[in-house]
Each structure stands twice: as structure tokens, then as C-alpha cells.
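Here's a quick briefing on how this chain packs together. Have a look at the model first, then read on.

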Amino acid sequence: VWELQIWETVVDDKVVGYPLGEKAFGFIAYHPIGFMSVNISAPNRVRLPTNDPFEGDSKLLAFDAKGYLSYCGPFSIVSENEIIHHLKLCSFENWVGTDQHRYAQLEETTLTLSTPPQLMHCQKGISRLVWQRVQALK
């Protein structure tokens with residue numbers, strides 16, 4: 001299990017943005033049976049005036065959902081530097097059933113995952129997520 005340290009958008013080796021803000025937080029977990037799960041949230045999401053996640057103002061619900069990304073499914077290790085997440089569920093429906101390729105770099109207790117280059121804000125860039133290994137709970 002890994003805790004998110006930073007999620008940044010990089011174009012021409014320069015950080016140009018943070019998809020869920022500079023203080024986004026979350027976790028990614030890889031289980032030995034070959035299944036993974038990731039949950040990432042924007043900081044300070046607004047609390048809604050209801051305890052029912054399926055009721056309430058549709059604009060507020062959409063705003064709340066925009067600050068959160070999660071997905072899960074099997075994963076495949078392609079090489080020591082590449083992994084594929086095979087999405088079975090995702091908070092962004094368009095990704096369900098897709099394969100999300102990630103380039104991986106592991107240094108002691110830090111895991112950096114990067115996307116292949118993709119078009120972002122009319123420029124070709126990558127998303128880079130830096131994760132810190134969570135210590136065993138006692």
C-alpha cells in the first residue's frame with residue numbers, strides 16, 4: 001500500500017499543473033493475487049447537506065465527484081519499469097474496460113508512476129504520481 005505524495009502534470013519536463021490540487025491525497029494498493037485499487041481525492045472537498053450519497057442537488061453531487069478519482073481491477077507487470085492496470089470499475093466511466101499503462105520507478109520506499117505521453121490542454125505531456133510506501137500497522 002502506498003500513500004500519494006504528489007500528482008502533477010508535466011509538459012516538456014516542466015510541472016504545469018496538479019489535476020486535483022497540490023495537496024491531493026490518496027492511496028494505491030497492489031495485492032499479491034494480482035488485483036489493485038486506487039483512490040485519490042482533492043483536498044477540502046465540500047460536505048453535502050445530506051447523508052445519502054445518491055440524493056441531493058445534482059450540481060453539488062457533480063462538483064463533489066469532480067474532486068475524486070478511483071478505480072480497481074487486475075494488474076500486469078510488463079517489466080521492472082512498466083505495469084498495466086486493467087480497469088473493471090472506475091469513477092470515470094469512460095475508463096471502465098480499458099488498460100491503463102504506467103511507467104514505474106521504484107526507489108527504496110518511493111514509487112513513481114507516470115502515464116505515457118498524452119494530449120493535455122492542447123500540449124503533449126504526462127501525469128506523474130509519486131507514492132510513499134505505507135508502513136505496516138501495529
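Before we get to strand partners: two strands count as paired if DSSP finds at least two bridges between them. Keep in mind that this is a predicted model. With that said, Y103 has S114 in β9 as its bridge partner.

**Strand β9 and its neighbours**
- β8 (residues 99-107) and β9 run antiparallel and are joined by five bridges.
- These two strands make a hairpin with two residues between them, and E108 in the turn has a positive phi of about 50 degrees.
- β9 also runs antiparallel to β11, again with five bridges, and here S114 sits opposite R128.
- Most of β9 is covered, with four of its five residues buried.

**The nonpolar core**
- The largest nonpolar core has 21 residues, and the ones touching the most other members are L4, W7, I28, V38, I40, L113 and W131.
- Two or more core residues come from each of β1 (2-11), β4 (35-41), β5 (68-79), β9 (110-114) and β11 (123-133).
- Leaving out residues up to four places away in sequence, I40 touches, among others, L4, W7, L20, F25, L69 and W131.

**Aromatic pairs**
- Searching the whole structure turns up three aromatic pairs.
- Y30 and F75 are edge-to-face, because their ring centres are 4.9 Å apart and their planes sit at 80 degrees.
- That pair links distant parts of the chain, with Y30 in β3 (residues 25-31) and F75 in β5, 45 residues apart.
- F75 counts as buried at 17% relative accessibility, whereas Y30 is partly exposed at 21%.
- Ring pairs also tie Y71, F92 and W95 into a cluster.

Notes:
Residues are numbered from 1 along each chain as its sequence is written. This is a predicted model: local features need pLDDT of at least 70, side-chain atom pairs count only at pLDDT 80 or more; totals for chains, interfaces and linings use all residues. Side-chain values use heavy atoms; hydrogens and water are left out. A nonpolar core is a set of buried Ala, Val, Leu, Ile, Met, Phe, Trp, Tyr and Cys residues joined through side-chain atoms within 4.5 Å. Buried means under 20% relative accessible area, exposed over 50%, partly exposed in between (1.4 Å probe, protein chains only). Contact means heavy atoms within 4.5 Å. Rings of Phe, Tyr and Trp (its six-membered ring) pair if their centres lie within 6.5 Å; planes under 30 degrees apart count as stacked, over 60 as edge-to-face and the rest as tilted.
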